[in-house]
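Dear colleague,

Please find the structure below for your review. My notes on what was found in it follow directly after.

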Amino acid sequence: MMIKAYLQITMTIDEANRQAAADVYTRYKQPFLQTIAGALSKDLLVRDDDVQVLHGFDSLAHAQAYLQSDLFANHVFKGLQPLWTQDPEVKIYQVA
(Lines give C-alpha, C1' and ligand atoms only; values in the text may rest on other atoms or scores of the structure.)
Protein backbone atom coordinates (compact mmCIF):
# COMPACT_ATOMS: atom_id res chain seq x y z
CA MET A 1 0.00 0.00 0.00
CA MET A 2 1.09 3.53 -0.70
CA ILE A 3 0.92 6.41 1.75
CA LYS A 4 -1.89 8.77 0.73
CA ALA A 5 -1.98 10.99 3.83
CA TYR A 6 0.26 12.09 6.67
CA LEU A 7 -0.70 13.11 10.18
CA GLN A 8 1.99 15.33 11.69
CA ILE A 9 1.93 16.13 15.38
CA THR A 10 4.51 18.68 16.53
CA MET A 11 5.11 18.98 20.26
CA THR A 12 7.24 21.39 22.24
CA ILE A 13 8.89 19.26 24.90
CA ASP A 14 11.78 20.27 27.15
CA GLU A 15 15.04 18.48 26.47
CA ALA A 16 14.81 16.79 29.86
CA ASN A 17 11.51 15.14 28.84
CA ARG A 18 12.42 14.08 25.30
CA GLN A 19 13.42 10.58 26.35
CA ALA A 20 10.04 10.15 28.05
CA ALA A 21 8.38 11.22 24.78
CA ALA A 22 10.50 8.72 22.87
CA ASP A 23 9.41 6.03 25.32
CA VAL A 24 5.73 6.79 24.62
CA TYR A 25 6.45 6.66 20.89
CA THR A 26 8.20 3.30 21.22
CA ARG A 27 5.50 1.83 23.46
CA TYR A 28 2.68 2.59 21.01
CA LYS A 29 4.38 2.26 17.61
CA GLN A 30 3.58 -1.42 17.06
CA PRO A 31 0.01 -1.22 18.45
CA PHE A 32 -0.53 1.73 16.08
CA LEU A 33 0.77 -0.18 13.06
CA GLN A 34 -1.06 -3.38 13.98
CA THR A 35 -4.47 -2.09 15.09
CA ILE A 36 -5.22 1.30 13.51
CA ALA A 37 -7.10 1.11 10.22
CA GLY A 38 -4.97 2.31 7.31
CA ALA A 39 -1.80 2.87 9.37
CA LEU A 40 1.33 2.35 7.26
CA SER A 41 4.20 4.12 9.04
CA LYS A 42 5.14 6.06 12.14
CA ASP A 43 8.37 8.03 12.60
CA LEU A 44 9.75 10.11 15.46
CA LEU A 45 11.61 13.27 14.43
CA VAL A 46 13.59 15.03 17.16
CA ARG A 47 14.82 18.57 16.59
CA ASP A 48 16.39 21.15 18.88
CA ASP A 49 13.10 23.02 19.32
CA ASP A 50 10.48 20.28 19.18
CA VAL A 51 9.54 16.67 18.63
CA GLN A 52 7.40 15.54 15.72
CA VAL A 53 5.62 12.29 15.09
CA LEU A 54 4.84 11.65 11.44
CA HIS A 55 2.17 9.02 10.78
CA GLY A 56 1.56 7.62 7.30
CA PHE A 57 -1.90 6.40 6.27
CA ASP A 58 -3.55 4.86 3.24
CA SER A 59 -6.26 7.56 3.21
CA LEU A 60 -7.16 10.97 4.55
CA ALA A 61 -10.18 9.48 6.30
CA HIS A 62 -8.02 7.00 8.24
CA ALA A 63 -5.63 9.78 9.30
CA GLN A 64 -8.56 11.82 10.63
CA ALA A 65 -10.14 8.80 12.33
CA TYR A 66 -6.95 7.99 14.26
CA LEU A 67 -7.30 11.22 16.26
CA GLN A 68 -10.63 9.89 17.59
CA SER A 69 -9.36 6.37 18.29
CA ASP A 70 -9.08 4.83 21.75
CA LEU A 71 -5.36 4.26 21.25
CA PHE A 72 -4.71 7.93 20.55
CA ALA A 73 -7.19 9.53 22.96
CA ASN A 74 -6.74 7.26 25.96
CA HIS A 75 -3.13 6.14 25.68
CA VAL A 76 -0.85 8.18 23.42
CA PHE A 77 -2.41 11.57 24.22
CA LYS A 78 -2.51 10.89 27.96
CA GLY A 79 1.08 9.66 27.94
CA LEU A 80 2.41 12.73 26.13
CA GLN A 81 0.24 15.51 27.55
CA PRO A 82 2.21 15.96 30.82
CA LEU A 83 5.40 16.45 28.77
CA TRP A 84 4.18 19.39 26.65
CA THR A 85 5.20 22.95 27.39
CA GLN A 86 2.40 24.15 25.07
CA ASP A 87 -0.41 22.57 23.09
CA PRO A 88 0.76 20.49 20.13
CA GLU A 89 0.26 21.45 16.52
CA VAL A 90 -1.68 18.85 14.54
CA LYS A 91 -1.70 18.86 10.74
CA ILE A 92 -2.99 16.39 8.18
CA TYR A 93 -1.56 16.39 4.67
CA GLN A 94 -2.97 14.58 1.64
CA VAL A 95 -0.40 13.21 -0.80
CA ALA A 96 -0.97 14.60 -4.29
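Helices (H or I, at least four residues) and strands (E, at least two) are DSSP runs, numbered from the N terminus. This is a predicted model, in which local features need pLDDT of at least 70 and side-chain atom pairs count only at pLDDT 80 or more, while totals for chains, interfaces and linings use all residues. Residues are numbered from 1 along each chain as its sequence is written, and side-chain values use heavy atoms, with hydrogens and water left out.

Ser41 lies in strand 2 (residues 39-46). With a relative accessible area of 16%, Ser41 is buried (under 20% relative accessible area; exposed is over 50%, partly exposed in between; 1.4 Å probe, protein chains only). Apart from neighbours within four places in sequence, Ser41 is in contact with Ile3, Phe32, Leu33, Leu54, His55 and Gly56 (contact means heavy atoms within 4.5 Å).

Helix 1 (18-35) and helix 3 (70-80) pack at an angle of about 165°, their axes 9 Å apart (axes are lines fitted to C-alpha atoms, for helices over the stretch in contact; angles run from 0 to 180 degrees between N-to-C directions). The two helices are therefore roughly antiparallel (angles over 145 degrees; under 35 is roughly parallel, 65 to 115 roughly perpendicular, the rest oblique). Helix 1 contributes Ala21, Val24, Tyr28, Pro31, Phe32 and Thr35 to the contact, and helix 3 contributes Leu71, His75, Val76, Gly79 and Leu80.

Yours sincerely
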